[in-house]
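User: I've got a model open and I'd like to go through a few local details with you. Can we take it question by question?

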Amino acid sequence: TFADVALWNERSVTVTEFAEPERVDAIAATFRLLPMLGVQPQVGRGFEEQDNANGGPEVVMLSHGYWQRRFGGNREVIGRTIQMDGWGSVVVGVLPPTFRIYLPADAAMPTNVDAWGVLPRNISDFARDAAWLTVVTRLRDGVTLEQAQQRIQYARDQLVAAERKARDADKREKAAYRQIELAQQRLDEAQ
């Protein structure tokens, strides 16, 4: 159904590279988001699968406007570590001046993002109900929006059923442990 899938999370970060700290809109995304959208950096490189691997440095791409405004368009910013929310992030690229995310007005997400990072590689370890993630997909050729929506609904139903089953099993396990504790308590009292 889908040719590609990516996730993102929007947030504000504080950049402390300059005399005055500055809050900027940022997005952390899976490394496939920008290539899926057909976006190539104007300067430097794009994100790679190994970015933000366990123990590796965080990486960031800057919007063209932010690069011009705060770094004077200096290409030597590539490879430089900048402080964002107290963490060092290595600048690996600058996005083209024409790149913008266009969202509906009610999306409640920034569209003029200054910093783009990579989500942690252990994203699958997060809760399945992680409502803080936005999912972006590209349909395979020939797949209709209705077919994609049906596939998403089917997957959602499967996840809900699996979660319900896991919760029920957890409740049974807790009840069994409680029974064991009560039996042990009765044995202790009988002695």
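This is a predicted model: local features need pLDDT of at least 70, side-chain atom pairs count only at pLDDT 80 or more; totals for chains, interfaces and linings use all residues.

User: What is the bridge partner of Met84 in β6?

Analyst: β5 pairs with strand β6 (residues 87-94) in the antiparallel sense, over four bridges. The hairpin of these strands has two residues between them, and Asp85 takes a positive phi near 55 degrees there. Across in β6, Met84 has as its bridge partner Trp87.

User: Which side chain makes a polar contact with the side chain of Thr14?

Analyst: Thr14 belongs to strand β1 (residues 2-15). Beyond its neighbours within four places in sequence, Thr14 is in contact with residues including Gln83, Met84 and Asp85, as well as Pro21 and Glu22. The polar contact, side chain to side chain at 2.6 Å, is with Arg23.

User: How do the rings of Tyr66 and Phe71 pair?

Analyst: There are three aromatic pairs in the count. Tyr66 and Phe71 form one with centres 6.1 Å apart and 70 degrees between the planes. Planes over 60 degrees apart count as edge-to-face, so this pair is edge-to-face.

User: And which residue has its charged end over the ring of Phe18?

Analyst: Phe18 is in one aromatic cluster with Tyr66 and Phe71, and those two are buried. Sitting over the Phe18 ring, 3.9 Å from its centre, is the charged end of Arg70.

Terms used: Residues are numbered from 1 along each chain as its sequence is written. Side-chain values use heavy atoms; hydrogens and water are left out. A polar contact is a pair of N or O atoms within 3.5 Å; within protein, one must be able to donate a hydrogen and the other to accept it, and residues adjacent in sequence count only if both atoms are side-chain atoms. Contact means heavy atoms within 4.5 Å. Two strands pair if DSSP finds at least two bridges between them. Rings of Phe, Tyr and Trp (its six-membered ring) pair if their centres lie within 6.5 Å; planes under 30 degrees apart count as stacked, over 60 as edge-to-face and the rest as tilted. Buried means under 20% relative accessible area, exposed over 50%, partly exposed in between (1.4 Å probe, protein chains only). A charge sits over a ring if NZ of Lys or CZ of Arg is within 6 Å of the ring centre and within 35 degrees of the ring normal.
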